[in-house]
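User: I am new to this structure and would like to know what the labels used for it rest on. Please show it, and then I will ask.

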Amino acid sequence: MDVKQHEINFSYAEITKDILSTLEKPRPTYWLMMAMIVGGLGVGVASWMYQIKEGMGVAGLNHPVGWGVYITDFVFWVGIGHAGTLISAILFLFRAKWRNAIFRSAEAMTIFAVLTAALFPLIHVGRVWVAWWLIPYPNQRELWVNFRSPLLWDVFAINTYFSVSAIFFCIGLIPDVAAIRDKAKGMRKKIYTFMSLGFDSSNHQWRHYMAGYGFFAALATPLVLSVHSVVSWDFAVSIVPGWHSTLFAPYFVAGAVFSGMAMVITILIPFRRIFNLEKYLTIWHFDMMARLIMLTGTIVTYSYLTEYFIAWYSDDVFEIFIFHERVFGAYQVPFLMMFGCNCVVPLILWVRKLRTNLTVLWIVTIFINIGMWFERFNIIVSSLAQEYDPFAWGWYVPTWVEAGVTLGSFCWFFMWFFLFIKFFPSMALTEMKEIADPPVSGDATHGKEAA
Amino acid sequence: MAKKIKRRDFLGLMGLGGVAAATLSCDYQPTDYEEGFDEVWKPWVEPVDGEIPYVPRFYATSLPELGSLGLHIKSINGRANKTEGNPDHPVNMGTLSARQQTVIQNLYSPDRVRKPLLDGKAITRAKTQEVLKEKLSGAKGRNVSVLAGDLSGATQDFWTQFVAAMGTGKLVRYTAFTDSYWATASEKVFGRAEVPYINLAGTDFVLSLGARFLDSWGDHTAHARNWANMKKIEDFNRGKHVQIETRTSSTGAMADTRLHCKPGSESVILLALLKEVAAKSTKLSAEDQAAIAGLVSGADMGAAAGASGLTAADLQKVAEELLAAGSAVVLPAENTVLGDQSLQHHAAVLLLNKALGGIGKHFNYAASKPATRTVHHGDISDLVQDLNGGNVDVLIVLGNPNPAFNTPGSLKFAEAMKKATFSVAFAASNDETTTLANLVVPNHHGLEAWGEVNTYEGLNQLQQPTMRPRWDMAQAEDHIIGLMKELAPDTYAQESFREYVQASFTARFGAEAADAGKFWRDCLRKGGIFAMAEAGEDLPVAANMDAGFFGAVAAMNVAGPALIVMESPRFGDGSAATSGWMQELPEAMTGVTWDSFLEISHQTAKDNNLKYGQEVEFTVNGATVAMPVITSQTMPDGVVYMETGQGRTVASETFVRGANAFSLFGGGVNAAGVFAFAPTKVSLKATGNQTKVATYHIPGLGDQLYTPMSDSPYFHEEDGKQDHRFVRDLFQTVSLKTLSEGGPKYVPHYAPYDKKLPFVKHQDKDFYDDRGNDPIYWGREEKFYEPYKWEMVVDLDTCNGCGSCVTACYAENNLPVVGKDQVAKGREMAWMRIDRFLNVKKDKQGHQKVEVNFMPMMCQQCGNAPCESVCPSLATYHNKEGLNAMVYNRCVGTRYCANNCSYKVRRFNWFSFEWDEDARWYTNPTVSVRHKGVMEKCTFCSQRIRDARNKAKDEGRLVQDGDFQTACQQVCPSKCISFGNYMDQQSEVYKLAHDQRAYRALDSHIKTKPGVSYLRRTVFDQGHA
């Protein structure tokens, strides 16, 4: 390996100062960006309000195509929410040291992405004011939800994933929050005190903490696989040609990790530059993440090809037709966007020189984000547009309301992320310290271990 | 114009209506016009002890504008609510076409005249009376003319008396489409100026030269029924339908053989056939045979073939089939495409039917309509002359004949009307003609009025009010009676028009009745006297035609794109263009809604450098119109098709659309006494505008579907280049030969609930077990499908795509009309649609052949429904009676069910669609009006099921066939829809579902176990061309 594995070129003493510097009083640029984000969020909220008032007709949906951009956004954001838990839980269990620097922000991203995704089921239903009927609760009318419906499984899957991720995130924060608590004043101190749960860094607490963290990591791990599998069953369980496929669960999970890692990189590269954290987030970290993208990207490409093979192999006219139309039909552009961005562009990463060039890497990840959005659009819309009855086919074109809500969803996500940057350490102080030289006199190499 | 009915008015009317119905006296109080309208009429059909709220009552009535058609108007709480057919009526027998159902929308039209207007200004009724009196007394003894619609019976007598009493004026009746050409032709051929009653009952071969007798021409509801009977399969054989036409119509689409002839060549073909058939006919007397031979000596099969673009062999074959048939009927081309040949054409049709032995049986002169009862277009021509000459002192326009819109543009009626010294319009609705009148007096709508409609001999239909008038107003006839008391006191003996009708009707038909009052009530209840002669006598050919009678008939030979204009089945003469249901009903062949269109073939479009949706303009007879072109695969090259009816200018803004085809007509009356359009060369010029045409389907894509047929040459042979992307056996056909050999083999016959029928061999296990043995809930005794499982069977052999069922569904289930924009976005709310599938093939000679198939598609009530399992809130579920029930209140609106529905029949409420103040009157109170965010769909008219089930339960029995019908089944003119209880093995639906032809759509692919069976369309093994 040419890229240095993990060059620890920061000292133990710097860590707290450098990392907590992100929590300092915001600069004007921050306020400016926050204003833009809140403005965009306003557009999204206004669009949604308009849609609630007028009806779903303000979106571009129609009779064959009942799901469009909203469900695309939903699956997209659930997918984005995959990288965080993967990094924090699975890589923790595998003891991949490169996760230490990135897991906190990735995990935060997960929570905010799921928070964003959870909005879309509400946004896309016709009567949001009765959306609570989707929650099973005992009532005197003996009305229950339909446990056979994948949408209900979604409700459970998303809620479980969100709560477990949030708890895991908070647990990971405990030692750091405790550190901030000691420096904070006033209201902040009270909040941090509450969140640190009385953590005082005693050996006894550390022992229990590490064990607890491990358990939570183990608990969160299956969720990484389950959530997107369940989301994929929204499609796979139906009988819509192009949706009805047993491949969907692994295919969606791989796609989710693929897009999630891309999003982590997309965010971390500017973040690293803005806060001068080059010391902590090294090229090596990005190289590792890029490799994960290469892996999942390959799986995704393989899945695409498998879908085509199975469509041909099934000898089912409807299935064959749908896959033919995806490539050559009215929704060819989304297909090319998907295939180009997810299968062709990431090939660049196979060249080490390019993937360690952060500008190139950043651009590639942007492409992947776009490609993965179009993948979902493609699956959802092109399948619905041309189903069994040719007389009932129809085209779907999104409207400004859907664009506004999508913009709003991005702003909503970034709003949380920006708040997070200013309220919590974006890197785990303790875990960074684990890998740095401890401040002991004497042997300078003591405790330095290669990750 | 008042915009809304006030709540207080509504309550008042409701109260009055209730009281009126409850007291049920037949006393009639004369209107005190000055103090306000408090006329109390009590029409009724069946005696009831008291009015029960929300229990519908049915009033039998008829309307002059609908002619020979019996209506049952459903009335709820004293308000007319829905149009249904009168099952006792001998012509329509309870069925209705789509357009005929719109009278209820007319009744509640926002265009209704609500206040008297003098020169455009609202005046009081007192003032109205004053003005009328002044003008009429001033004109007494001079020319007071009345221009009305198709009046007949006592109503006609009334107005004839009026004009006679007033002076030298005339009663002029006008409708844009009339059948008086039969009278002129019959006079020539048989010496009887009568319109025969055309009856297809008992025929086994129908040749139509273009008449769309299944959806707009003549008494099409009766024709469709008899045609469907003709297609009933007995001994693996059935009657045959051949259509020779210039444009593929939906009637032609259903023909066993469809031949395209050149515009203007129908008469030539007809004469050639006549010559051939008459010469070989065994049903003609020697004299008649000789007479016909003399008349058609100039005709020639080869020349006709050359002129029409058909082959002589095809024509010869048609002639042979006509001769070989047991009881063949030949129907003419439509009058609008005949130009000056109308008289000769219809005479030749009569002669040909004579040669086939059809006079008396199929052309019944014993039940004919005398010429005096039909509308002659010469009358209005004369009136226009009188008007232009300044000879008309007072012109009274009665009802809404609307000649300013639907007379030929060249006649310039509107200008002429302005020349009347004074004009009055007694009108129910505002239209192009009423706006020209000096005085507009609100009149009762036909459903609020008394009258008589007497068309065919023996068919004396009564028109009775089905509810109190919407506003304080009097019927025009009552105005006149009031006025005549002072102007000419001896004119009418009665105090009111109701009494006049009763007296006249009773005197003519009830003179022998023991109890005149009972006779009158019985007639009202029934809808009139229906005693048409079943069959008449064969008539000898009269010597009225000279040898050169057919000499002038030659093919019109239009060089270049030939424009043909035909009556729109949806809009007719334009009166239905103000109906949202009609605007939103797709045109059967092109699927166009809300717009005028010009249908041309792809080749014609290419030649003229035009594309779908491009707006073109052209000029005919001095009138220029512009509209989008629709390129169509079913259209023959070189023909340009336009429909009448659109282009209204005085109507609610929503309905002012498209171009008026009548403006293109020449003003002259032809020899048959009617206005007719002749195919004309047009040069299409693109205006540069592009119209986004709203259709139910994607034009050019998705309407093609290859129909695999077992053992049929259609499937195995022909071109090897089928586009397999479209091969999906949603629509299936079968040849009669295959049926005789034991049924189709291509798709396994599969009946889900009949355990005796094994599955196909390779499927030894059905994973999708039906629920027949399951309890409806765990731990309960009740089982699914006991005792009912509702199923439907649709016969694809007799569905002609007329769309009547679609409109009935709109009316019954409160479906909103969403408007063009929303239809263009694919958001129409029709629970039922007519899928139209094209099957484009090339035959061995390389000619393109387009088969057109119609398939009504509604919720299939799947036994194993994809929609049910995915609904997260259980808003849709499988109910005990096999219905895929939909609980609107529980729907959250995820639209997952619609996505997963393989038939795409679920409809989502994208908005809370507007029901304006007027439209709310005709919503069905037993069906909820849905609001935004809720999914909806067909549930087999579950409200009707519930009523029937409750009634049967009260009587301690099970629901049987005939207890009730679904709305679509009820109106279907060809009766192609059957509905009933599948668990009852005696039921029609059970038997049909086990017919050889039965299949369940897509079931062999996705095992949805639909509750709807389709009967395959049958084809003859050896077809034409």
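Analyst: Two strands pair if DSSP finds at least two bridges between them. Helices (H or I, at least four residues) and strands (E, at least two) are DSSP runs, numbered from the N terminus. This is a predicted model, where local features need pLDDT of at least 70, side-chain atom pairs count only at pLDDT 80 or more, and totals for chains, interfaces and linings use all residues. Residues are numbered from 1 along each chain as its sequence is written, while chains are lettered from A and ligands numbered from 1 in the order in which they are written.

User: What is the bridge partner of B:I76 in β3(B)?

Analyst: In β3(B), B:R79 is the bridge partner of B:I76.

User: Why are β2 and β3 of chain B said to pair?

Analyst: Strand β2 (residues 71-76) of chain B and β3(B) share six bridges, in the antiparallel sense. Pairing asks for at least two bridges, so the two strands pair.

User: What makes β1 and β3 of chain B edge strands?

Analyst: The open sheet has three strands in the order β1-β2-β3 (chain B), with antiparallel pairing. Strands β1 (57-61) and β3 (79-85) of chain B each pair on one side only, and are the edge strands.

User: Which residues does A:F112 touch, not counting residues up to four places away in sequence?

Analyst: A:F112 touches A:F413, A:W416 and A:F417 under that count. Contact here is C-beta atoms, placed from the backbone, that lie within 7 Å.

User: How many residues of chain B are in contact with chain A?

Analyst: In chain B, 48 residues are in contact with 40 residues of chain A. Helix α26(B) gives the largest share of this side of chain B, four residues.

User: What are the domains of chain B, and how do you know their bounds?

Analyst: Chain B is divided into domain 1 (189-359), domain 2 (564-695) and domain 3 (713-1019). The bounds come from an automatic or database domain assignment. The contact between domain 1 and domain 3 of chain B takes 18 residues from domain 1 and 15 residues from domain 3.

Conventions
Two residues are in contact if their C-beta atoms, placed from the backbone, lie within 7 Å.
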